[in-house]
Amino acid sequence: MPLQCGLIGRPKCGKTTVFNAVTSASASMFDAAESHRAAVTVPDPRVERLVQLYSPGKISPSSMDLVDIPGLEQGATAEGGRGSKLLTHIKEADVLIHVVRCFDNGHEPIDALHDVELIDLELMAADSLTLGRKVERLAKRVRTGDKNAIQESEHCQRVLNRIEEGIPARRQALSDVERAAVFECTLMSLKPVLYVANVESPDDLESEAVQVLRSYGAEEGSEVVTICGRDEADISELPEEDRPEFLREIGLESLSVERLIHAAYKELGLVDFFTAGDTEVHVWTCKAGSKAPTAAGKIHTDMERGFIRMEVIAYDDLIEYGSEEAVAKAGKARLEGKEYEIQDGDIVVIRFSPPR
């Protein structure tokens with residue numbers, strides 16, 4: 001399933017401009033009450049090299065779904081039907097991409113932290129209601145002396161108290177038991193956040209607002225990507241062969257889609273591995289540190305249930321030696337068992353026992 005990313009931010013932060021820069025979707029700037037959605041192929045030069053080696057009949061790269069969620073203002077998540085719709089989009093996201101205005105709009109002063117805090121307040125307001133309802137549901141079992149319910153309620157209440165103090169769940173350093181207690185609530189302020197500093201020109205890439213946002217992101221371990229939204233949206237509409245020249249003119253090496261996706265992968269701790277042959281080159285994504293059976297389950301659940309072993313070739317070894325046969329002769333091909341942790345760039349064959 002593709003990585004689900006939700007673009008959030010205040011109205012007029014340039015969120016839809018950034019969406020267009022990343023997706024080349026040319027979404028309208030004038031329907032601010034509507035969401036936009038687009039799928040983006042994850043750029044990975046390794047896929048091209050594998051295609052050259054295997055000449056497959058089919059190529060299945062990794063992809064990312066990006067949803068441009070209408071701008072959030074005070075009370076936005078409590079506006080009846082629209083509020084519910086916004087919450088649904090946010091709850092579905094694996095990672096929130098928070099676009100922050102770091103340019104002069106001629107109306108309001110640049111205040112990156114103020115804008116970040118306004119969005120966090122909206123997310124926490126919704127989380128407060130969700131957690132409050134769960135505590136209420138547990139109350140009956142708590143009154144009967146149910147020890148599990150008492151502990152779960154206490155964990156939820158602690159998280160709720162800190163949210164009501166203005167501390168987003170992602171900045172609370174939750175313990176494993178606290179995370180388990182609030183898991184079903186799908187807290188929005190607990191979701192990983194990637195910040196996008198939207199600047200006016202390359203001259204502003206190191207502006208004071210950008211530096212402030214980077215410091216804030218560093219405090220919670222969140223990535224910050226700087227994007228010249230307007231310029232990059234224009235470049236994204238050009239033919240692909242013309243883009244590098246225009247990127248160089250504004251002092252950039254690549255379009256924001258590459259930087260944003262790489263940052264999102266880092267934020268979520270993801271790695272890509274491959275299955276490759278003359279039939280298909282396919283990219284699969286899983287959490288870094290996933291054991292071999294879990295990674296196999298990304299391909300098919302039967303492979304996880306009946307996992308026997310994994311045949312592994314490292315991408316760099318395949319490129320160095322030029323073929324699977326040459327890698328095997330060099331002693332670089334490996335057989336791995338259930339405790340093996342999948343590595344970024346692994347090329348794998350799964351051996352498994354099909355269910356009866």
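Modeller: Let us start with how residues are sorted, since we shall need it: Ala, Val, Leu, Ile, Met, Phe, Trp, Tyr, Cys and Pro count as nonpolar, Asp, Glu, Lys and Arg as charged, and the others, Gly among them, as polar. Please also keep in mind that this is a predicted model.

Colleague: How is the lining of the largest pocket divided among nonpolar, polar and charged residues?

Modeller: The general idea is that rolling a probe the size of a water molecule over the atoms shows where empty space is left. Here the largest pocket holds about 620 Å³ of space, and among its 24 lining residues M1, P2, L3, T285 and K298 are the closest to its centre. Its lining divides into 12 nonpolar, 7 polar and 5 charged residues, and β9 gives the most to it, with 6 residues.

Colleague: Which residues lie nearest the centre of the second largest pocket?

Modeller: They are E240, R243, L255, V257 and E258, out of 18 lining residues, and the space there comes to about 470 Å³. The elements that give two or more residues to this lining are α1 (15-23), β2 (36-41), α9 (243-249) and α10.

Colleague: What lines the largest cavity?

Modeller: A cavity is a space where the probe fits but cannot get out. The largest cavity, with about 60 Å³ of space, is lined by R10, P11, K12, C13, R101, N105, E108 and D115, which divide into 2 nonpolar, 1 polar and 5 charged residues.

Notes:
Residues numbered from 1 in each chain as written. Predicted model: local features only at pLDDT ≥ 70, side-chain atom pairs only at ≥ 80, totals over all residues. Heavy atoms only, no water. 1 Å grid on protein atoms, 1.4 Å probe; cavity = no way out; pocket = protein on both sides within 12 Å on 5 of 7 lines; lining within 4 Å. Points joined across faces, edges and corners; volume = space filled by probe spheres on them. Helix = DSSP H or I, 4+ residues; strand = E, 2+ residues; numbered from the N terminus.
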